[in-house]
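This briefing goes with the sequence and model shown below. Please keep both in view while reading.

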Amino acid sequence: MQDIRIYAYENKSPYAEETFTINEAAELTQAPKSAIRYWEQAGYVTADRDPNNRYRRYSGSHLLKIRLIQMLQSSVYSKDTVNFKQSLAAAKHTDLQGIMNVAGNVRSYLNKIIESQVCGISFLHQLIQLKKTSNFDGARIIQPRLNGPDD
């Protein structure tokens, strides 16, 4: 989100004026070229084309979208991640406010997932401790409270 803010409002991104080949975009984002091509085919990112040779050219804002897609790829496949990818696909790479909105929603979603995982780890830890003591009579697992609509 910080990178998007800097790029959108301060135009200080090191990639603000440059365009990049798919090789350079892959190197800068650490995303495989095949993944970037797939994401383009799926409509998540649409590269500009060089008018002389029709090669893909990526701007700094394209790189931001690629990084957001990478974040979603690392999370569990769900209806939410599909919706986020569709929102990214719908946002033009020049619509930095739209990209920032999607990034904020992705961050909130990932924070919620992480919180759920931490609660799961807590339950697992309690279960392991109960198993170690082998005293299940009267044992009570403390239920952590989540701060979400599903509670």
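**Contacts and overall layout**

In the protein chain, 55% of the contacts between residues at least 6 apart in sequence join residues at least 24 apart. The model is a predicted one. The chain has six helices and two strands, and along the sequence they follow the pattern α-α-α-β-β-α-α-α.

**Burial and surface**

- Of the 151 residues in the protein chain, 34% are buried.
- The protein chain exposes about 10000 Å², and carbon and sulfur atoms supply 51% of that area.
- Leu124, Leu127 and Ile128 make a nonpolar surface patch of about 260 Å².
- Ile128, one of the residues of this patch, is in helix H6, which covers residues 96-133.
- Ile128 has a relative accessible area of 39%, so it counts as partly exposed; that class lies between the cut-offs of under 20% for buried and over 50% for exposed.

**Helix H4**

- Helix H4 covers residues 60-73, and its 14 residues should span 20 Å at 1.5 Å a residue.
- H4 is mostly covered, as 10 of its 14 residues are buried.
- Among the buried residues of H4 are Gly60, Ser61, His62 and Lys65, along with Leu63, Leu64 and Ile66.
- Leu68, Ile69 and Leu72 are also buried residues of H4.

**The largest nonpolar core**

- The largest nonpolar core has 28 residues, and Ile36, Trp39, Tyr58 and Ile66 touch the most other members.
- The elements that each give two or more residues to this core are helix H2 (22-29), helix H3 (33-42), H4, helix H5 (79-90) and H6.
- H6 supplies seven residues, the largest share of this core.
- Ile66 is in contact with Thr29, Ala31, Ile36, Trp39, Val45 and Tyr58, leaving aside its neighbours within four places in sequence.
- Ile66 is also one of the buried residues of H4.

**Thr81 in helix H5**

- Thr81 is found in helix H5.
- The relative accessibility of Thr81 is 2%, so this residue counts as buried; the cut-off for buried is under 20%.
- Not counting residues up to four places away in sequence, Thr81 touches Leu72, Ser75, Val76 and Tyr109.
- Leu72, one of these contacts of Thr81, is among the buried residues of H4.

Key
Residues numbered from 1 in each chain as written. Predicted model: local features only at pLDDT ≥ 70, side-chain atom pairs only at ≥ 80, totals over all residues. Heavy atoms only, no water. Patch = residues over 30% accessible without salt bridge, like charges linked within 9 Å, V, L, I, M, F, W, Y side chains within 5 Å. Areas by Shrake-Rupley, 256 points an atom, 1.4 Å probe, with all protein chains shown as cover. Salt bridge = Lys/Arg side-chain N within 4 Å of Asp/Glu carboxyl O. Helix = DSSP H or I, 4+ residues; strand = E, 2+ residues; numbered from the N terminus. Buried < 20%, exposed > 50% of the residue type's maximum accessible area, 1.4 Å probe, protein only. Expected span 1.5 Å × (residues − 1). Core = buried A, V, L, I, M, F, W, Y, C linked by side-chain atoms within 4.5 Å. Contact = heavy atoms within 4.5 Å.
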